[in-house]
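Open the model in your viewer and keep the selection tool at hand. Each stop below says what to pick and what you will find there.

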Amino acid sequence: MAVELQIRNLHAHVEGDDQPILRGVNLTIRQGEIHALMGPNGSGKSTLANVLMGNPTYEVTEGEVLLDGENMLDMEADERSRAGLFLAFQYPVSIPGVTLANFLRHALNARLKEEDPDSKGMPIPKFARLLRDKMNLLGIDHSFAGRYLNEGFSGGEKKRAEVLQMATLEPKISVLDETDSGLDIDALRIVAEGVNKLTGPNMGALVITHYQRMLNYVKPDYVHVMFAGQIVESGGPELALQLEENGYDWIREKYAVAQS
Amino acid sequence: MVVQRRSRVENIPVYSRSDVENLIAANNEPDWLRDHRLAAWETYENTPMPGREEEWRRTDYSHIRWADASSVVTPNGAVAADVPQKNLEPLIGDKQGGLLVFVDGKLVHNEVADELVSQGIIFKDLRTAVSEDPEIVREFLMTQAVKPTDGKFAALNGALWDHGILLYVPKNKVAELPLHAVIYNTQSGGHLAHVLVVVEENAQATVQVDYASADSETQSSYIGATELIVGDAANLRYVALQEWNRQTYEFSHQRAMVGESANLDWVIGNMGTRLTKAFIEVDIVGSGANGRVSGFFFADKNQFFDLDTQQNHNAPLTTSDLLFKGAAKDQARTLWQGMIKSLPQMQKIDGYQVCRNLVLSHEARMDSIPGLEIEADDVMCSHAATFGTLEEELLFYLMARGIPRPEAQLMVIDGFFDELLQRIPFERVRERLHAEIEAKILG
């Protein structure tokens with residue numbers, strides 16, 4: 001049976017600031033489905049991504065997040081990841097002195113250790129083969145693996161590194177937070193092709209984007225519009241085209257009253 | 001009624017002139033060395049214990065008990081097998097140019113590759129060199145780099161060093177294989193070693209010296225001197241790793257002289273001791289010369305490290321590049337004081353110094369005081385000090401990939417040091433140091 005990520009009536013604000021950002025989000029994503037989440041700046045899209053992953057900067061005040069029936073909100077970020085959730089960051093941080101390969105090996109071994117506390121981790125040659133296969137799949141230069149994580153990476157390289165991590169960790173549900181932002185059209189196509197190779201029956205995706213252009217490459221099954229901390233419209237791919245044509249003004253007009 | 005009489009004994013090293021004379025007699029040392037030692041002793045006696053000077057005023061070492069820390073150490077039969085295996089492993093491959101091992105001041109292992117000996121390269125106990133290569137020792141020992149007048153403890157080392165290393169690479173010779181020395185102590189008390197490295201014109205060498213000691217409840221002192229003399233167009237890579245036990249107080253003077261068009265690549269690691277006060281200086285004395293000094297330190301518990309660095313540009317067209325990276329946790333304190341100096345008319349110099357600090361607890365304290373004294377106008381000199389903590393943003397990124405928090409912390413701290421450790425040319429040593437850094441993080 002397909003694994004589900006269920007978000008129910010989720011409320012959250014920034015730690016230390018009472019102003020609510022998420023004000024009752026409801027959404028269900030199943031393995032094999034691609035959902036696009038659109039909305040104007042400041043509507044809470046990135047906050048949702050971070051809250052789902054367990055960023056300690058945010059505090060959840062109400063609601064539930066269940067992955068495969070398990071309550072995610074009681075878990076630290078690392079537990080959520082090992083449970084099968086992935087976040088492709090909008091702004092991946094650089095970590096000096098830690099190579100991408102070493103980092104991914106630790107991440108995989110953390111999974112193995114959860115299954116078997118006595119696990120010695122994946123043998124290095126096996127890991128090297130796995131990583132090579134994933135890099136080949138995504139058309140990523142092998143030298144990438146030896147570079148310090150995101151250090152000195154271009155915008156496009158950072159996003160490709162995120163996709164490589166997603167490919168290696170094989171999550172059940174992935175949240176891609178504005179993976180298209182800051183990319184030129186060529187970089188966008190490369191990243192989107194990577195995402196398309198990874199979506200399929202085993203992965204569900206929540207593709208967060210401000211613009212429709214990402215969705216020219218990654219075809220969503222469902223499109224949702226977020227405004228003022230809630231999902232206010234849901235529909236099929238035609239909704240994204242409608243937003244492309246008309247912008248977000250009609251959303252603001254239609255729901256501004258509800259906000260105040 | 002009992003009248004208590006308290007004798008006020010001054011808390012200073014318990015050495016005396018007769019210790020110097022006994023040492024000279026025991027080693028049957030030549031007159032020139034005898035004169036040198038006694039002159040150093042005079043300097044020592046005439047120099048007050050440091051304390052109020054600018055470079056000492058932040059360093060409180062009053063808790064040293066000199067009665068223990070300067071007691072005489074006599075070798076008690078410990079051998080190389082008593083030294084931890086990690087210190088004895090070959091630096092690279094399975095063959096090294098040479099390995100000298102000292103335990104409690106006694107040379108217990110001595111091997112030098114034939115291909116080095118046949119080139120006239122000398123790598124031996126400094127005491128042996130005094131009798132076998134007197135002209136070399138006499139020419140360079142405390143005549144150019146470290147001098148007894150550099151300070152109270154430099155003078156004490158000059159008077160009383162009782163073991164040490166001479167590495168001498170003659171003109172145009174290249175020591176292809178790295179040389180390794182280990183200075184290890186099993187007994188507490190006063191330890192005084194002197195390292196003298198002379199790489200003559202157009203010669204080349206790579207050396208590592210490990211300092212370590214067995215855990216002890218009793219205090220020790222290490223009064224050290226390191227002299228690196230890099231001749232014109234010569235090339236020296238020098239790695240010194242300090243892992244004394246936590247009852248040791250180190251007071252050391254380390255200075256390199258870098259000749260015309262020569263290159264020095266010096267890496268210093270400071271992990272051990274209760275307290276370290278080290279003066280680390282590079283004199284760039286020939287034009288076109290380059291000196292790179294890299295230091296890493298990690299203080300925890302009650303450790304206090306005070307590292308004074310100085311880059312002296314005494315010739316035009318010279319470059320120096322200093323990078324120190326350190327961390328402190330628990331209640332530890334660290335201090336780095338750096339200075340770049342240039343003489344007037346020393347144009348076209350490029351000096352750089354930076355100290356990056358990673359503060360790992362609220363109680364730890366790290367200070368950095370960079371400084372410039374530049375008397376020429378056509379120069380490029382810059383300095384910086386940075387302070388950071390473990391950033392939650394980095395930890396979240398690693399955790400979001402499934403890595404548990406403690407492991408994520410380890411990776412970030414380890415990564416912080418990696419840039420520095422990469423400057424050590426031996427992979428095995430880098431791995432060993434990564435493991436030691438991790439032990440400190442988890443400890």
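Select helix 3 and helix 5 of chain A in this predicted model: the two cross in a right-handed sense. Their axes come within 11 Å, at an angle of roughly 30 degrees. Now show side chains. From helix 3 of chain A, pick A:L100, A:L104, A:A107 and A:L108. Their partners in helix 5 of chain A are A:A161, A:Q165, A:T168 and A:L169. Colour this contact by class: six residues are nonpolar, two are polar and none is charged.

Zoom out to the whole of chain A. Eight helices and 12 strands make up its secondary structure. The C-alpha trace spans about 60 × 40 × 40 Å along its principal axes. How does the radius of gyration of chain A stand against that of a compact globule? For 260 residues a compact globule would be near 18 Å, and chain A has 18 Å, so the two agree. Colour by burial next: 45% of the 260 residues in chain A are buried. Of the contacts in chain A with a separation of 6 or more, 71% join residues 24 or more positions apart.

Next, select the interface between the chains. Here 22 residues of chain A are in contact with 21 residues of chain B. On the chain A side, helix 2, strand 7, helix 3 and helix 5 each supply at least two residues. That side of chain A holds 13 nonpolar, five polar and four charged residues.

Last stop: colour chain B by domain. Domain 1 covers 17–286, and domain 2 covers 391–443. Their C-alpha centres lie 31 Å apart. Domain 1 of chain B brings 11 residues to the contact, and domain 2 of chain B brings nine. On the domain 1 side, select strand 7 (204–213), strand 9 (235–243) and strand 11 (263–270) of chain B, which each give two or more residues. By class, that side of domain 1 has five nonpolar, three polar and three charged residues.

Definitions and conventions. Residues numbered from 1 in each chain as written. Chains lettered and ligands numbered in written order. Predicted model: local features only at pLDDT ≥ 70, side-chain atom pairs only at ≥ 80, totals over all residues. Contact = placed C-beta atoms within 7 Å. Helix = DSSP H or I, 4+ residues; strand = E, 2+ residues; numbered from the N terminus. Nonpolar A, V, L, I, M, F, W, Y, C, P; charged D, E, K, R; others polar. Axes fitted to C-alpha atoms, helices over the stretch in contact; angles between N-to-C directions. Left-handed = near helix turned anticlockwise from the far one by under 90°. Domains from an automatic or database assignment. Rg over C-alpha atoms; globule rule 2.2 N^0.38 Å. Buried ≥ 20, exposed ≤ 12 C-beta atoms within 10 Å, placed from the backbone.
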